[in-house]
Amino acid sequence: MEKQIGGVILIGGSSSRMGRDKAFLEVEGKTIIERIVEVFSANFSRVALVGSRPDRFASYSLPVHPDIYTGSALGGLYTGLYHAETPYAFVSSCDLPYPNSGVLRYLCSLREGYDAVVPSTPHGMEPLFALYSKSCLPAIKALLDRGECCAYGYYPDIKVRHVLPAELAPFDLGGNAFINVNTPEQYAAVADTPQPPRGGRS
């Protein structure tokens with residue numbers, strides 16, 4: 001992957017609905033954070049974590065940045081971009097058990113001329129598995145300074161490349177790239193259901 005892009009994984013959620021740390025839930029023999037770190041490390045030369053309690057992730061030997069604005073994923077995104085040593089950062093939450101390299105690479109390939117490249121599913125936008133330029137920082141900061149934390153509330157102020165499901169389908173043959181686990185019920189559904197291959201074109 002181009003050296004212009006780094007990886008940022010948001011680890012700061014309280015996991016209140018899950019009742020335990022989502023990052024360390026096991027899926028097919030690996031924790032979710034391990035699965036995301038593997039995909040990011042294979043694609044980016046720089047990977048960083050954003051959130052609290054860095055001791056949880058000491059074994060990964062990755063930099064951990066505490067949130068500049070606490071309490072929201074948008075604050076984590078701002079922190080990751082602020083500390084990024086590359087012009088772009090690809091950002092993921094830590095509740096995606098099937099991070100997809102093909103989808104990631106395709107999204108990154110669309111960045112020219114845009115401040116953000118954001119995928120969509122039939123359920124809506126997926127701002128936490130998306131690519132952002134450091135040029136987004138002023139718009140995000142302005143939103144946070146107003147006390148707002150919608151993860152896409154600043155999109156009208158930047159140039160966004162929206163990527164629709166049909167465009168992503170060739171890279172996500174299993175249809176599982178954007179499954180997330182926020183509740184025990186969602187985790188049980190993932191843990192109990194064998195998943196089809198994640199691959200597609202890369």
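Colleague: Where does Glu28 lie?

Modeller: Glu28 is in the loop between strand S2 (26-27) and strand S3 (30-31). Helices (H or I, at least four residues) and strands (E, at least two) are DSSP runs, numbered from the N terminus. This is a predicted model, in which local features need pLDDT of at least 70, side-chain atom pairs count only at pLDDT 80 or more, and totals for chains, interfaces and linings use all residues. Residues are numbered from 1 along each chain as its sequence is written, and side-chain values use heavy atoms, without hydrogens and water.

Colleague: Why is Glu28 called exposed?

Modeller: Its relative accessibility is 53%. Exposed means over 50% relative accessible area, buried under 20%, and partly exposed in between, with a 1.4 Å probe and protein chains only. Glu28 therefore counts as exposed.

Colleague: What makes Arg53 partly exposed, and where is it placed?

Modeller: Arg53 has 47% relative accessibility, so it counts as partly exposed. Its place is in the loop between strand S4 and strand S5. Ser109, in helix H3, has a relative accessible area of 49%, which makes it partly exposed.

Colleague: Why is Cys108 called buried?

Modeller: Its relative accessibility is 1%, so Cys108 counts as buried. Cys108 belongs to helix H3 (residues 101-109), where Gly102, Val103, Leu104, Tyr106 and Leu107 are buried as well.

Colleague: What is found at the start of H3?

Modeller: There, a side-chain oxygen of Asn100 comes to within 2.8 Å of the backbone nitrogen of Gly102.

Colleague: How do you know that Arg161 and Glu167 make a polar contact?

Modeller: Their side chains are joined at 2.8 Å. A polar contact is a pair of N or O atoms within 3.5 Å; within protein, one must be able to donate a hydrogen and the other to accept it, and residues adjacent in sequence count only if both atoms are side-chain atoms. Arg161 is in strand S10 (residues 160-163). Leaving out residues up to four places away in sequence, Arg161 touches Tyr106, Leu110, Tyr114, Ala116, Val117, Val118 and Glu167, contact being heavy atoms within 4.5 Å.

Colleague: What does the side chain of Asn182 join, and is Asn182 buried or exposed?

Modeller: A polar contact of 2.8 Å joins the side chains of Asn182 and Lys22. Asn182 lies in the loop between helix H5 (165-168) and helix H6, and at 12% relative accessibility it counts as buried.

Colleague: Which residues touch the most other members of the largest nonpolar core?

Modeller: Of its 39 residues, those are Ile9, Phe40, Phe90 and Phe129. Among the elements that each supply at least two residues of this core are strand S1 (5-10), helix H1 (32-43) and H3. The largest share, six residues, comes from H1. A nonpolar core is a set of buried Ala, Val, Leu, Ile, Met, Phe, Trp, Tyr and Cys residues joined through side-chain atoms within 4.5 Å. In soluble globular proteins, nonpolar side chains tend to be buried together.

Colleague: What makes H2 mostly covered?

Modeller: Eight of the eleven residues of H2 are buried. They are Leu74, Gly75, Gly76, Leu77, Tyr78, Thr79, Gly80 and Leu81. The elements they pack against include S1, strand S6, strand S9 and helix H4 (137-145).
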